[in-house]
Amino acid sequence: WGLVLAVLSHGLWNVALVVAEDEGTLVVSLVVILGFALLFALTGIGVILLRRRDQKRYAELLPWLSQRYSVSASQAAQLRDPRARRRARRSLPRAERRAFDRRASALARLAALFDHPGEPDPADEARLVSQLDAARHR
């Protein structure tokens with residue numbers, strides 16, 4: 001939906017500029033600019049709210065995922081929120097950061113898989129578990 005909304009809003013912007021040019025009024029231009037600034041601000045707020053919701057849900061799923069996939073409590077604590085994750089990553093030597101990122105990403109993908117009602121596809125779960133296992137052993 002994002003691409004469709006972007007294309008439509010871009011088209012609306014172009015139409016508004018043509019109308020403003022034809023009408024020759026500053027009022028039309030100002031209304032359009034303010035409207036798009038408001039749209040941009042609301043989109044930013046929406047993204048922030050969705051990200052916070054996703055972070056909260058990840059933190060709720062993390063203990064269950066840790067138990068299910070044998071992730072240690074100390075590793076789970078490092079991944080519970082973005083600040084803890086950044087702190088843990090920065091404390092690692094540079095050579096170990098990529099492996100940390102792979103483990104964190106694999107666990108986040110598993111969390112996304114289980115963040116929907118119903119049971120996930122076993123093939124998808126198996127694929128993601130193999131990614132987590134591969135990230136552990138690198």
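Q: Which residues form a positive surface patch?
A: In this predicted model, the positive surface patch is made up of Arg51, Arg83, Arg86, Arg87 and Arg90. Helix 4, which spans residues 82-91, supplies the largest share of the patch, with 4 residues.

Q: What is the overall make-up of the protein, in helices and strands?
A: The protein has 6 helices and 0 strands, and its elements run α-α-α-α-α-α from the N terminus on. Its radius of gyration is 22 Å, whereas a compact globule of 138 residues would have one near 14 Å, and buried residues make up 21% of the 138 residues.

Q: How many salt bridges does a search of the whole structure find?
A: A salt bridge pairs a side-chain nitrogen of Lys or Arg with a carboxyl oxygen of Asp or Glu within 4 Å, and the search finds 8 of them in the whole structure. One of them joins Arg68 and Glu125, at 2.7 Å from N to O. Because Arg68 lies in helix 2 and Glu125 in helix 6, this pair ties together parts that are 57 residues apart in sequence. Glu125 is buried, with a relative accessible area of 14%, while Arg68 is partly exposed at 42%.

Q: Where do Arg127 and Asp124 lie?
A: Both lie in helix 6, 3 residues apart, which is about one turn of the helix, and their side chains meet in a salt bridge of 3.8 Å, N to O.

Methods
Residues numbered from 1 in each chain as written. Predicted model: local features only at pLDDT ≥ 70, side-chain atom pairs only at ≥ 80, totals over all residues. Heavy atoms only, no water. Patch = residues over 30% accessible without salt bridge, like charges linked within 9 Å, V, L, I, M, F, W, Y side chains within 5 Å. Areas by Shrake-Rupley, 256 points an atom, 1.4 Å probe, with all protein chains shown as cover. Lys, Arg positive; Asp, Glu negative; His and termini not counted. Charge placed at Lys NZ, Arg CZ, Asp CG, Glu CD. Helix = DSSP H or I, 4+ residues; strand = E, 2+ residues; numbered from the N terminus. Rg over C-alpha atoms; globule rule 2.2 N^0.38 Å. Buried < 20%, exposed > 50% of the residue type's maximum accessible area, 1.4 Å probe, protein only.
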